[in-house]
Amino acid sequence: MIKLNFLIFNSFLGGQRDAEVSFIGATMYPILILHGGAGKWSGKRLPIALDQLNEIARDSFLILKTNGALDAVEYAIKYMEKSEIFNAGRGAALNLFGEVELDAGLMTSDGKVGAVASVRNVMHPITLAKIVLQETDHVLMVGEGAEFLAKSRGLIVPKDELISDYAKKRWESAVKEILQRVKGKITKHPLLDYMLTIFPHLIEFIKNNTSFLEHIKEKYGMRVSDTVGAVAYDGKSFAAGSSTGGIFLKIPGRVGDTPIMGAGFFASKDGACSATGHGEAIMKTFLCKRAVEYAKKYGAEEGVKKLFEDVSKELNIRAGVILLDEEGNWGVYHTTKYFPVAIISEERIIIKDHWV
């Protein structure tokens, strides 16, 4: 076993918010950063997420040292997908129709990319993205085609396998409140059947009542995390990846930043970045590619701060990023209340829920 000095800083649990170590480190040795999603988080779920990040980081670091950056990033994200705590895989937020639609993407510093979008019944979309990267000539595969590839690799699970009880209860409560506003008293029909019969009217209502929809998301869904991700350097190359269930109550077929190279994830010889947050804003700003560019110019710590300063002039962005630069420096930044992140190298592991 690798001997590590563990420095764990957990502001949520009453720990030290201003750590004695800087939130940036320089190393040309293997290093891994993983995040569980920027957001509000609930008081019950955040400590569990931090404990799981601690365990996943340590296991993933061993993979990093033996198998390299790509496998370590896949491994870390795969085990966050397996948990019900994070908005990925089994813990994914449900769309408007109570279904799980998953997106994921991976990239390495030698320019290899693989991503999948709007896939259903796939336990590990990050592994499917890796298959696209390694075994096809494509960059992005979606829907049924991606699911067919997943089936051929044994990644398909039963329809309801990915729907957690927590996600289902939140969805049912939110939809009932929406339907009461749209049509008054809800009929005895199953919720999904009823929604399908009024679908055009439902979409029109949502479009014209955005403040009400935001209220519903705030009430039932905003305390779930957002996209999960990881970045790693193995001493020779970088890798970055992200995975998500997307926005709670999204219209079926919606795709955010997570499977978009340069937006939700990016890696090059200059560094690696993974983003989480409001996908439409992240896509509009190509946040991860810009983060790596800023890191090259300013270094990881200053670069990520400067990036968010500049992006905030363009639009109000709710996001968080983890970043490695070409010298092995790291930076973490977020505009959300919490951002559970674990950083691990030979020397130490740092785990926090708040970084700015």
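**Helix packing, a hairpin and a buried alanine**

User: How do α3 and α4 lie, roughly parallel or roughly perpendicular to each other?
Analyst: α3 and α4 are roughly perpendicular to each other, a class that covers 65 to 115 degrees, with under 35 roughly parallel, over 145 roughly antiparallel and the rest oblique. The model is predicted, with local features needing pLDDT of at least 70 and side-chain atom pairs pLDDT 80 or more, while totals for chains, interfaces and linings use all residues. Residues are numbered from 1 along each chain, and side-chain values use heavy atoms, without hydrogens and water. The axes of α3 (residues 125-135) and α4 (residues 143-152) come within 10 Å, and their crossing angle is roughly 95°, hence the description roughly perpendicular.

User: Which residue in β9 stands opposite F265?
Analyst: β8 (residues 265-268) and β9 (residues 271-277) pair in the antiparallel sense over four bridges, where pairing requires at least two DSSP bridges. Two residues separate these strands in a hairpin, and the residue in β9 opposite F265 is S274.

User: What is the relative accessible area of A167?
Analyst: A167 belongs to helix α5 (residues 165-183), and, beyond its neighbours within four places in sequence, contacts A92 and L94. A167 is buried (under 20%; exposed is over 50%, partly exposed in between, with a 1.4 Å probe and protein chains only), because its relative accessible area is 1%.

How values were computed: Axes fitted to C-alpha atoms, helices over the stretch in contact; angles between N-to-C directions. Contact = heavy atoms within 4.5 Å.
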